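Hello,

Here is the structure I promised to pass on. Have a look at it first, and then read my notes below.

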Amino acid sequence: MNQVFAFLVALGMGLALAQKGPITIGSKIDTEGAVLCQMTRLVLEANGFRVNDRCSFGPTAVVRKALTSGEIDLYPEYTGTAITQFFPGQKIDAAVSRNAAQAYAKVKELDLKNGIVWLAAAPANNTWAIAVPKALADKEGLKTMADFAKYVNAGKPVKLAASQEFVDRDDALKAFEKVYGFKLKPEQLLILPGGNTTQTEQAAAQGTSGVNAAMAYGTDGGIAALGLVALTDPKGAVAVYQPALTVRKAVADKYPEIARLMNPVFAGLGEATLSKLNAQVAVNGKNPADVARDYLKSKGLLKP
Amino acid sequence: MPRRPFSGLNPVASLAVGLGLLTLFLPWLLLKPTRISPGVGYAAFGLDPLWAGGLLALWLILPWSKGARRGLIAGLGVLAWGGLIAAGADRLLGSAGEFARVSPAGGLWLGIPAFYLAFFAAYREGGWRATWTAPVAGAVLLWVGAFDRLGPAVELGAWRSQFGTELWRHLALFGSALIQAVLIGVPLGILASRGRGFNWVVGVTGFLQTIPSLALFGLLLAPLAWLSRVLSLEAALGILGVGALLARLLRRVGTWAVLVVALPVGLLGMVLMGALLFGLLGPDPLRLAWNAPLSQAGVRGIGAAPAVLALTLYALLPIVAGTRAGLQAVSEDLRQAGRGMGMSPKELLLRVELPLALPLVMEGVRGAAVLTIGITTIAALIGAGGLGFFILRGVEGGAPDLVLLGAVPVILLALLTDLLLRQVGRWLTPKGVR
């Protein structure tokens, strides 16, 4: 009887010690955010954390505010988003934002003053890109943005579907136009207000209103599925968007093992890997949690 | 005189048949290589000539029947409609790739109002005995899984575990907001009916409805997060008690002095009540601790607390307006009669005015309920979940099937709520007024 009791006490203590947290994790409402958020949840839970799953709960502004006000403890964010949106008072050199390492270092340094710690970034660049139908790319030999500029300057038909933001911002379409030397006329643009890349890519794939080019992100899962190809940006015209976990400093200090656990996971997430995982969710319709679990198990980051 | 062949036709049934025949020429199903790709439409006869032919025959004989016979034919039509969908989806998916999807299209959707009209015509002729076939046919289709291979059902398969939770959350958010809106809106409506001095009540609730939800969430996030950190449950209850007392004392000074105290304290009370109601009704466990920060009790800048608060504010207008209209419609003669019997103002309100106003109050509640079921979809924007989660994810991901997985249950819930509250309204109406 005493042994049973002692066992129960030991078990209870063991459980109490093993349960760390709770850690509240969140993400934006997009495919990649959901996948990264679920990976974080699974790894932390497997290592004895209690996790509050608030994945996919709002747009950038809401999620960031939730982090800085302590509503959530961590969420995946992009270096490029931070540089362009989170430090309005700072004048950041455009060259810094286009260099992955420098951009990450700058963001890490600046955000620490807000009490936010950036864990290691994934070696992927989910930046702005322009995607065109594969048939058009093959016919006209379009591979890079330089080819696209040549195509546009030759006066051949082009119509780009994009969000208002993509057209207005200095570091998106305007940066492409400046670096590669072309200029799209207003009638060559189809603006989808509040449009996201799935909508623009669908427009280009269907040729809606003559659209044959689309705003896209580097790691979008839908590009290949919709029969498009993303044009490369060899001159680095636009800012780098590397995903990384942003953690409240109080939490990062209390649980240093979060960084130790998550950094190896993010280190394995290259562009090709991320877009493959995104495609499983966005194109094949799988649940982000299942996709994250299968991936982590296949890499030995989660015990099968 | 020879009888003209079309003279005896029921106009409603004719409209149903017209619509039903039209559906046969529209695309019923879209075949897409993946869930986000553009689709190719297939019309009824291209999917399965046998089922389509059967459906065509049933539509053609529908006008020449009446009452229960018409109901039976319409019921068989619903079965043929479902059979065509199932057979068509099987055929399209049979030769397509692993990730191909079949989505419902115009012809399939238009069939629903067509059958609704057909059953309506049968109901007018034969009452409920003519329309029992409608629920039976629907249940048979669900039981044999006629829609199981359609896109939204496939999405449901991928999200099954979340779907139950989100549906529960949706109902809990809706229920918390509606209960709270009734508890606040009816007294406000009574206040608003007391003379011209209180017209501003309706104005304020109307103004609340004009605030965009996303803006409201943005405004609420920081103050709620702050409250959730600095106040404990006992401190919050203390503030509520002191506030109520203070408001009572300040009544002598004037309405505005009361409002200065009552508004912030009332908002705090609403936040607390909303979070507790949701904790009781919802799937997330409720932990109450007297001296822990309020965030433990569910009051947070994100999640259910701001969502329930916003939904409550949006639901106030119909309830306040309904209550006020109901009370103002009570005739002065009846009030005089009550006073003549020696009733105090309180008795007059509870025993004469409110019972007579109840049908209009219930109309307001019904309006608020149907409205709230729909706009609860915005709760997903602030991390509170609900069926809006699927709509938002679907729009973001360009997957119309996922949008439908969120939207169709919302529509069904709204119709069901409407039906239920109509019935409740009938029960609550005093016999003398009926």
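**Helix packing in chain B**

Let me begin with two helices of chain B: α8(B), residues 160-192, packs against α15(B), residues 345-375, at an angle of about 150 degrees, and their axes are 10 Å apart. Please keep in mind throughout that this is a predicted model. The crossing of α8(B) and α15(B) is right-handed. On the α8(B) side, the residues involved are Phe174(B), Ala177(B), Leu178(B), Ala181(B), Val182(B) and Val186(B). They meet Val361(B), Val365(B), Ala368(B), Ala369(B), Thr372(B) and Ile373(B) of α15(B). By class, this contact of α8(B) with α15(B) holds 11 nonpolar residues and 1 polar residue, with no charged ones.

How far apart are the end C-alpha atoms of α15(B)? With 31 residues, a straight helix would reach 45 Å at 1.5 Å a residue, but the ends of α15(B) are only 38 Å apart. This helix also has a kink of about 55 degrees at Leu358(B), shortly before the proline Pro359(B).

Just after α6(B) comes Gly145(B), with a positive phi of about 75 degrees.

**The sheet of chain B**

Chain B also has an open sheet of 3 strands, in the order β2-β1-β3, with antiparallel pairing. The edges are taken by β2(B) (40-43) and β3(B) (101-104); each has a single partner strand, so one side of each is left without a neighbour in the sheet. From one strand to the next, the twist averages 30 degrees. The antiparallel pairing of β1(B), residues 27-32, with β2(B) runs over 4 bridges. If you want a specific pair to click on, Leu31(B) has Val40(B) in β2(B) as its bridge partner. Helix α4(B), residues 67-94, lies across β1, β2 and β3 of chain B and runs at about 25 degrees to β1(B).

**The sheet of chain A**

Over in chain A, there is an open sheet of 5 strands with mixed pairing, ordered β7-β6-β8-β5-β9. Its edge strands are β7(A) (189-191) and β9(A) (228-230), each of which pairs on one side only. Neighbouring strands in this sheet are turned by 35 degrees against each other on average, direction ignored. Strand β5(A), residues 128-133, runs antiparallel to β9(A) and is joined to it by 3 bridges. Here Val132(A) stands opposite Val229(A) in β9(A).

**Where the chains meet**

Finally, the interface: 29 residues of chain A are in contact with 27 residues of chain B. Which elements of chain A each supply at least two residues of the side that touches chain B? They are β2(A) (49-58), α3(A) (60-68), α11(A) (197-206) and α12(A) (222-225). The largest share of that side, 5 residues, comes from α11(A). Sorted by class, the side of chain A that touches chain B has 9 nonpolar, 15 polar and 5 charged residues.

Happy browsing, and best wishes

Methods. Residues numbered from 1 in each chain as written. Chains lettered and ligands numbered in written order. Predicted model: local features only at pLDDT ≥ 70, side-chain atom pairs only at ≥ 80, totals over all residues. Pairing = 2+ DSSP bridges. Axes fitted to C-alpha atoms, helices over the stretch in contact; angles between N-to-C directions. Left-handed = near helix turned anticlockwise from the far one by under 90°. Contact = placed C-beta atoms within 7 Å. Nonpolar A, V, L, I, M, F, W, Y, C, P; charged D, E, K, R; others polar. Expected span 1.5 Å × (residues − 1). Bend = angle between axes of the 7 residues up to and from the residue.
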